[in-house]
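I opened my notebook today to go through one structure slowly and write down what I looked up. Come along and follow each entry with the picture beside you.

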Amino acid sequence: MRTLLAVGFLALMPLGPAYAQDKEAWCTNEHMMKMDAQVAKMTDAKMQKSAEMHLSQSKAAMKKKDMSGCVKHMEEAHKAMGM
Ligand SMILES: [Cu+2]
């Protein structure tokens, strides 16, 4: 019985606060550097422009400590990158 409860608890974990923390991990200098490198490797010029635009908006939001804005633009940048 105790084992079942533990397994059930672990299965629910990814839906909890860890999920939001994952997204806020996007708004770090480290992630921005990874994004810059990946956007530079894109082959579709139109999508690359879109990704660059959202990435710079995401960076601007990060500087203003606007986490939800940063995450929102990062999601758009990821979409443009096909992620
Ligand atoms: Cu990103």
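**Entry 1: a histidine inside**

I started with His 78, which at 7% relative accessibility counts as buried. I reminded myself that the model I am reading is predicted. Next I looked up where His 78 sits, and its place is in helix H5. I also checked a pair: His 78 and Leu 55 are 23 residues apart in sequence, and their C-alpha atoms are 8.8 Å apart in space.

**Entry 2: the whole chain**

I then stepped back to see the fold. How many helices and strands does the protein chain have? I found 5 helices and 0 strands. Read from the N terminus on, the elements run α-α-α-α-α. I noted that 29% of the 83 residues in the protein chain are buried.

**Entry 3: the copper ion**

Back to His 78, now for its metal. Which residues coordinate the copper ion? My list has His 31 and His 78, each through NE2, and Met 35 and Met 74, each through SD. The distances come to 2.0 to 2.3 Å. Along the chain, the donors follow the spacing H-x3-M-x38-M-x3-H.

Why is the arrangement called tetrahedral? The 4 donor atoms around the copper ion subtend angles of 99 to 118 degrees, and that makes the arrangement tetrahedral. The cut-off I needed here is that all angles lie between 85 and 135 degrees.

Are they buried or exposed? Both His 31 and Met 35 are buried.

**Entry 4: a disulfide**

My next search was for disulfides. A disulfide is a covalent bond between the sulfur atoms of two cysteines. Searching the whole structure gave me 1 disulfide. Cys 27 is joined to Cys 70, with 2.0 Å from S to S. The link of Cys 27 and Cys 70 is left-handed, with -115 degrees about the S-S bond.

What does the pair tie together? Cys 27 lies in the loop between helix H2 (17-24) and H3, while Cys 70 lies in helix H5 (residues 67-80), so the link ties together parts that are 43 residues apart in sequence. Cys 27 has a relative accessible area of 6% and is buried. Cys 70 is at 0% relative accessibility and counts as buried.

From Cys 27 I looked across to Ala 61. These residues are 34 apart in sequence and 8.9 Å apart in space, C-alpha to C-alpha. Ala 61 has its place in helix H4, and at 5% relative accessibility Ala 61 counts as buried.

**Entry 5: how H3 and H5 pack**

Two packed helices are described by the angle between their axes and the distance between the axes. For H3 and H5, I wrote down an angle of about 20 degrees and axes 12 Å apart. Angles under 35 degrees count as roughly parallel, and H3 and H5 are therefore roughly parallel to each other.

Most residues other than glycine have a negative phi. I made a note of Lys 65, which has a positive phi of about 60 degrees although it is not a glycine. Where is Lys 65? I found Lys 65 in the loop between helix H4 (45-63) and H5. With a relative accessible area of 72%, Lys 65 is exposed.

How values were computed. Residues are numbered from 1 along each chain as its sequence is written. This is a predicted model: local features need pLDDT of at least 70, side-chain atom pairs count only at pLDDT 80 or more; totals for chains, interfaces and linings use all residues. Side-chain values use heavy atoms; hydrogens and water are left out. Donors are N, O and S atoms within 2.8 Å of the metal (3.2 Å for Na, K and Ca); water is not among the atoms, so sites may look incomplete. Four donors count as tetrahedral if all angles lie between 85 and 135 degrees; four count as square planar and six as octahedral if opposite donors are over 155 degrees apart and all others between 65 and 115; anything else is irregular. Buried means under 20% relative accessible area, exposed over 50%, partly exposed in between (1.4 Å probe, protein chains only). A disulfide is a pair of cysteine sulfur atoms within 2.5 Å. Helices (H or I, at least four residues) and strands (E, at least two) are DSSP runs, numbered from the N terminus. Axes are lines fitted to C-alpha atoms, for helices over the stretch in contact, and angles run from 0 to 180 degrees between N-to-C directions. Angles under 35 degrees count as roughly parallel, over 145 as roughly antiparallel, 65 to 115 as roughly perpendicular and the rest as oblique.
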